[in-house]
Amino acid sequence: MSEHRGYLIQTGIALLVVVGGGWYFVKHYEVSGLDRVSVRPKSGDTVDTDRVSFAANRSDPLTPGTGMQTASVVPAASQPNPFTSWWNGDGLAGKSGKEDSTGGPDFDSDTSVIRNTFAKANVPVATPNRAAALTHAFRNLRIASWAMGGFGPTKLRDPMIRKNVIRILRQFDVIAFQQVSSIERDVIPRLIDAVNEGQSEISGASRYDFILSNPNAAAAADPLLGEQMGFIFDTSRVQADRTQTYTVSDPAGAMSHDPLVAWFRAAEPSPSEAWTFSMVNVRIELTRARDEVALLSGILKAVAEDGRGEDDIVLAGLFQADDAYLIPSVAGGRMQAVVHSSPTDVFANHQTSNILVRPSSTSEYLGRGGPLNFLRVYNLSLSEAEAISPHLPVYGEFTAVEGGHL
């Protein structure tokens with residue numbers, strides 16, 4: 001009797017297990033197929049692979065759950081560089097190929113260079129300081145001054161001098177030059193033709209152009225004593241507005257050479273973002289250096305108040321004085337010189353040439369520059385260097401973007 005009761009209890013437990021298991025199976029699984037029967041979980045319990053992959057691909061690995069999905073990660077070494085893409089020939093966004101009234105290429109000022117440049121890289125970029133970001137997107141400008149030591153037809157015909165003058169000029173984007181002496185007015189045009197030889201094969205057109213002053217007053221008495229000064233500039237790097245070129249009025253003849261003023265704009269950024277500046281070419285006579293240096297503050301003020309509203313003024317030239325004397329003498333000492341305590345002649349004796357800027361208004365100056373010692377750069381003898389010019393070119397480096405180097 002007891003054995004029969006035990007058997008009934010075991011049977012009941014087994015039945016409960018079978019019934020309960022069957023209910024769980026029916027509730028959570030389904031059978032599909034006839035020839036090949038398959039069992040799979042019902043849809044209520046399928047794994048949401050989309051949700052899992054999304055959660056695993058948060059934008060910020062340090063703060064999961066932000067709900068922001070990002071693109072696949074590219075290793076840093078293989079990411080496209082938003083700045084080098086432009087240099088590799090992708091072109092500058094906004095360039096239209098038209099010409100503006102200054103004769104240079106026109107740019108579409110409505111096109112954001114930063115937006116289009118970084119679009120090539122397909123990476124998000126934060127630019128809290130647009131000017132600072134653009135500073136890195138464009139090549140800096142090398143602005144120079146060079147007293148050419150009586151350059152004329154004889155020097156132009158000399159193969160050694162001609163070769164070295166050409167390669168020196170090609171080092172810079174804008175050069176204020178002094179001490180060109182010639183009865184013939186075509187010396188600088190012929191020099192520019194020589195500078196541009198071979199350039200057309202590279203850029204498709206002559207790159208360099210010039211602005212030339214009239215001979216100084218001494219030429220009226222003796223043309224051989226007359227000097228010209230002016231600007232040579234790379235048109236692919238800067239544009240010049242010739243309608244804004246003038247000499248500073250000096251009716252009393254206080255300066256032996258009238259300062260020549262030209263207005264430039266960097267050519268590569270859009271016009272709305274390109275750096276613009278007035279450049280004053282100064283040639284001081286050695287025998288009147290003290291009196292003429294004292295006039296520089298007045299010249300600076302006259303250019304600042306010429307009606308254009310240009311706050312960036314670059315004083316460049318043959319000052320016949322060193323920076324220790326120039327700085328306290330000009331604008332109350334609120335100037336900065338690109339040459340500091342360095343000689344600017346081939347003999348390494350004296351500093352006579354320089355470039356001056358006012359740091360408070362011209363933040364575009366990068367603080368880099370000095371004399372270009374072509375004697376050492378081109379491995380010339382002292383006599384060869386002196387034949388080219390006893391003066392070394394001096395230069396400063398500036399951003400191509402207005403308000404750069406903040």
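Me: What does the secondary structure of the protein come to?

Reply: It comes to 15 helices and 17 strands. Keep in mind that the model is predicted.

Me: How is a pair of aromatic rings described?

Reply: By the distance of the centres and the angle of the planes. In this structure there are eight aromatic pairs. Take W275 and F277: the ring centres are 4.2 Å apart and the planes meet at 20°, so this pair is stacked. Planes under 30 degrees apart count as stacked.

Me: Are W275 and F277 buried or exposed?

Reply: W275 is buried, at a relative accessible area of 0%. F277 is buried too, with 0% relative accessibility.

Me: How are the rings of W275 and F398 arranged?

Reply: They are stacked, because their planes stand at 15°, with the centres 5.1 Å apart. F398 counts as buried, at 0% relative accessibility.

Me: Which parts does the pair of W275 and F398 tie together?

Reply: W275 lies in the loop between strand 11 (260–266) and strand 12 (276–283). F398 lies in strand 17 (residues 394–398). The pair therefore ties together parts that are 123 residues apart in sequence.

Me: Which residues do ring pairs link into a cluster?

Reply: The cluster holds F231, F233, F264, W275, F277, Y365 and F398. Find W275 in the structure, then trace the ring pairs from there.

Me: Where does the charged end of R142 sit?

Reply: Look for a charged end placed over a ring. The charged end of R142 sits over the ring of Y395, 4.5 Å from the ring centre.

Me: Which residues are buried in helix 7?

Reply: Helix 7 covers residues 159–169. Its buried residues are I161, N164, V165, I166, I168 and L169.

Me: What caps the N-terminal end of helix 7?

Reply: Look for a side-chain atom beside a backbone nitrogen. Here D158 is the cap. One of its side-chain oxygens lies 3.0 Å from the backbone nitrogen of M160.

Me: What share of the protein do buried residues make up?

Reply: They make up 41% of the 406 residues. The accessible surface comes to about 21500 Å². Carbon and sulfur atoms account for 54% of that surface.

Me: How many contacts join residues at least 24 apart?

Reply: Count contacts between residues at least 6 apart in sequence; 69% of them join residues at least 24 apart.

Definitions and conventions
Residues numbered from 1 in each chain as written. Predicted model: local features only at pLDDT ≥ 70, side-chain atom pairs only at ≥ 80, totals over all residues. Heavy atoms only, no water. Phe/Tyr/Trp six-rings, centres within 6.5 Å; stacked < 30°, edge-to-face > 60°. Buried < 20%, exposed > 50% of the residue type's maximum accessible area, 1.4 Å probe, protein only. Helix = DSSP H or I, 4+ residues; strand = E, 2+ residues; numbered from the N terminus. Lys NZ or Arg CZ within 6 Å of the ring centre and 35° of its normal. Polar contact = N/O pair within 3.5 Å; in protein donor to acceptor, adjacent residues only side chain to side chain. Contact = heavy atoms within 4.5 Å. Areas by Shrake-Rupley, 256 points an atom, 1.4 Å probe, with all protein chains shown as cover.
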